[in-house]
Amino acid sequence: QVHLVESGGGLVQPGGSLRLSCAASGSIFRITVMAWYRQGPGKERELVAVINSGGSGSTNYVDSVKGRFTISRDNARNTVYLQMNSLTPEDTAVYYCNVVAAIDARPVQYSYWGQGTQVTVSS
């Protein structure tokens, strides 16, 4: 019973920037992890960035976006962001939000996915 709504995708020129947002709503007891995946043309879906939703807020990135992308969170709003800078055509893909969360006090967690938002980098 968790719904993810993504926004911020669109068409940008190489070297440009874009900020993606993903808001989680519904019966959320606790969010453990928030992440962004992407799937480019002819490619498999890959993990782009992940952030721990606990106190540490630790992050990890795929090598190809390190130094260019930044994942962040707003726990009060159950929202995760992906700031994308210095975009290249290779970043063109459908970007998917992923949230791992518990919906009640039981020690059980589920993985939820957004519907995806298109990011196109082209001149």
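Predicted model: local features only at pLDDT ≥ 70, side-chain atom pairs only at ≥ 80, totals over all residues.

User: How many helices and how many strands are in the chain?

Analyst: Helices (H or I, at least four residues) and strands (E, at least two) are DSSP runs, numbered from the N terminus. Read from the N terminus on, the elements of the chain run β-β-β-β-β-β-β-β-β-β-β. The count is therefore 0 helices and 11 strands.

User: Which radius of gyration does the chain have, beside that of a compact globule?

Analyst: The radius of gyration is taken over C-alpha atoms, and the globule rule is 2.2 Å times the number of residues to the power 0.38. The C-alpha atoms fill a box of roughly 50 × 25 × 25 Å along the principal axes. For 123 residues a compact globule would have a radius near 14 Å, and this agrees with the value for the chain, which is 14 Å.

User: What share of the residues counts as buried?

Analyst: A residue is called buried under 20% relative accessible area, exposed over 50%, and partly exposed in between (1.4 Å probe, protein chains only). Of the 123 residues of the chain, the buried share is 38%.

User: Which residue stands opposite S7 in strand 3?

Analyst: Strand 1 and strand 3 (residues 18-26) run antiparallel and are joined by 6 bridges. In strand 3, the residue opposite S7 is S21.

User: How many residues of strand 9 are buried, and with which strands does strand 9 pair?

Analyst: Strand 9 pairs in the antiparallel sense with strand 4 over 9 bridges, and R30 stands opposite A102 in strand 9. Strand 9 also pairs with strand 10 (residues 110-113) over 4 bridges, where V100 stands opposite S111, and with strand 11 (residues 117-121) over 3 bridges, where V94 stands opposite Q118. Strand 9 is mostly covered, and its buried residues number 8 of 10.

User: Which residue forms a salt bridge with R38, and where does that residue lie?

Analyst: Side chains of opposite charge can pair when their charged atoms come close, and a salt bridge here is a side-chain nitrogen of Lys or Arg within 4 Å of a carboxyl oxygen of Asp or Glu. In this pair the closest N and O atoms are 3.0 Å apart, and both residues are buried. The pair links distant parts of the chain, 53 residues apart, with R38 in strand 4 (residues 30-39) and its partner in the loop between strand 8 (79-84) and strand 9 (93-102). The partner is D91.

User: Which residues are linked with D91 in a network of salt bridges?

Analyst: R68 also forms a salt bridge with D91, the closest N and O atoms being 2.8 Å apart. R68 lies in the loop between strand 6 (59-61) and strand 7 and D91 in the loop between strand 8 and strand 9, so this pair ties together parts that are 23 residues apart in sequence. Both R68 and D91 are buried. The residues linked with D91 in the network are R38, E46 and R68.

User: Are R106 and D104, which form a salt bridge, buried or partly exposed?

Analyst: The closest N and O atoms of R106 and D104 are 3.2 Å apart. R106 has a relative accessible area of 48%, and D104 has a relative accessibility of 26%. Both values fall between 20% and 50%, so R106 and D104 count as partly exposed.

Definitions and conventions:
Residues numbered from 1 in each chain as written. Heavy atoms only, no water. Pairing = 2+ DSSP bridges.
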